[in-house]
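This briefing walks through a single protein structure, topic by topic. Please keep the sequence and the 3D view open while reading.

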Amino acid sequence: MNTARSSKRKASVCGASTKPAKQTKLNFNPANNANQITVNSAILEFICGACMPFSIVENPSFCSLIKTLQPNCTVPTRKTVKLKLDGMAKTTKENLCKEFLNVTHVATTTDCWTSSAKSYIGVTAHWFGKDLKRQSAALACRRLRGSHSHALLANSLNEIHSEYGIRSKVCRTTTDNGSNFVKAFKVFSGTEASETDGVDDDDDDADKLMMKMI
């Protein structure tokens, strides 16, 4: 008896409890995992990352998926998605312009193509950050009105460079050797004509050219 009392007294002094600890209950209710803002953000990231059309938010199966995962949240409308993505694009562009203020040299890449009878030009930028790590960003994927003439390509590229404040900082622009791009650089940058003049625009196997853009 004395031994039992002594053991209980020691356990009490050491802070030990003779009662079994209660097991913590985990709540797996998905409705508590995210709020409406988080769901909206996830949907926007999905649309951008997977290159999905805005109309995906009107798809019954997609709406059912969101409702199953987050019953207390609603799927944003197509109009809301467009407005929010426009805002995100504006903010991203402003941040890039601020980033380029501290950059002295920028290289860009560009290409144009036709899809569903509509023409587009795409431009990306590449530079070294303060930590000397390579950085890249998409500057534009823009509709081209009219034929892919050298003047149209040169004006579009110059316009995009100017919008981001890098026109005087672009040291090189990489593109394919389609005759329209070759002539654009020849006429507007004063470079000598390339031996590839006359190469068809759709020659996907053509060698790449590095040409200076002024």
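Is Phe-100 buried or exposed? In this predicted model, Phe-100 counts as buried, because its relative accessibility is 1%, and a residue is called buried when that value is under 20%.

**Aromatic pairs**

- The structure holds four aromatic pairs, and in one of them the rings of Phe-46 and Phe-62 are stacked, because their planes meet at 15° with the centres 5.8 Å apart, and planes under 30 degrees apart count as stacked.
- Phe-46 belongs to helix α2 and Phe-62 to helix α3 (residues 60-69), so this pair ties together parts that are 16 residues apart in sequence.
- Phe-100 and Tyr-164 form an edge-to-face pair, since their ring planes stand at 80° and their centres are 6.4 Å apart, with planes over 60 degrees apart counting as edge-to-face.
- Phe-100 is part of helix α4, while Tyr-164 sits in the loop between α5 and β4 (170-175), so the pair ties together parts that are 64 residues apart in sequence.
- Tyr-164, like Phe-100, is on the buried side of the cut-off, with 7% relative accessibility for Tyr-164 and 1% for Phe-100.
- Trp-127 joins Phe-100 and Tyr-164 in a cluster that is linked by ring pairs.

**Salt bridges**

- Side chains of opposite charge can pair when their charged atoms come close, and the structure holds five salt bridges.
- One of these is formed by the side chains of Asp-86 and Lys-82, with an N to O distance of 3.1 Å; both residues lie in helix α4, four residues apart, which is about one turn of the helix.
- Asp-86 is partly exposed, with a relative accessible area of 40%, and Lys-82 is likewise classed as partly exposed, at 41%.
- Arg-142 is bridged to Glu-159, the closest N and O atoms being 3.1 Å apart, and this pair links distant parts of the chain, with Glu-159 in helix α5 (residues 150-163) and Arg-142 in strand β3, 17 residues apart.
- For this pair, Glu-159 is partly exposed at a relative accessible area of 42%, and Arg-142 is partly exposed at 26%.
- Arg-142 also meets Glu-163 in a salt bridge, again at 3.1 Å from N to O; Glu-163 is in helix α5 and Arg-142 in strand β3, so the two tie together parts that are 21 residues apart in sequence.
- Glu-163 counts as partly exposed, at 28% relative accessibility, and through shared partners the salt bridges join Lys-93, Arg-142, Glu-159 and Glu-163 into one network.

- Leu-157 lies in helix α5 and counts as buried, because its relative accessibility is 3% and the cut-off for buried is under 20%.
- Leu-157 and Ala-140 are 17 residues apart along the chain, and their C-alpha atoms are separated by 9.6 Å.

**The largest pocket**

- Rolling a probe the size of a water molecule over the atoms shows where empty space is left, and the largest pocket has a volume of about 700 Å³.
- The lining is made up of 24 residues, of which Cys-48, Leu-85, Ala-89, Ala-138 and Cys-141 are the closest to the centre of the pocket.
- At least two lining residues come from each of α2 (36-49), α4 (78-100), β1 (106-115), β2 (118-128) and β3 (134-144), and α4 gives the most, with eight residues.
- By residue type, the lining of the largest pocket divides into 15 nonpolar, three polar and six charged residues.
- Both domain 1 (34-94) and domain 2 (103-191) take part in this lining, each of them supplying at least three residues.

Note on methods: Residues numbered from 1 in each chain as written. Predicted model: local features only at pLDDT ≥ 70, side-chain atom pairs only at ≥ 80, totals over all residues. Heavy atoms only, no water. 1 Å grid on protein atoms, 1.4 Å probe; cavity = no way out; pocket = protein on both sides within 12 Å on 5 of 7 lines; lining within 4 Å. Points joined across faces, edges and corners; volume = space filled by probe spheres on them. Nonpolar A, V, L, I, M, F, W, Y, C, P; charged D, E, K, R; others polar. Domains from an automatic or database assignment. Salt bridge = Lys/Arg side-chain N within 4 Å of Asp/Glu carboxyl O. Buried < 20%, exposed > 50% of the residue type's maximum accessible area, 1.4 Å probe, protein only. Phe/Tyr/Trp six-rings, centres within 6.5 Å; stacked < 30°, edge-to-face > 60°.
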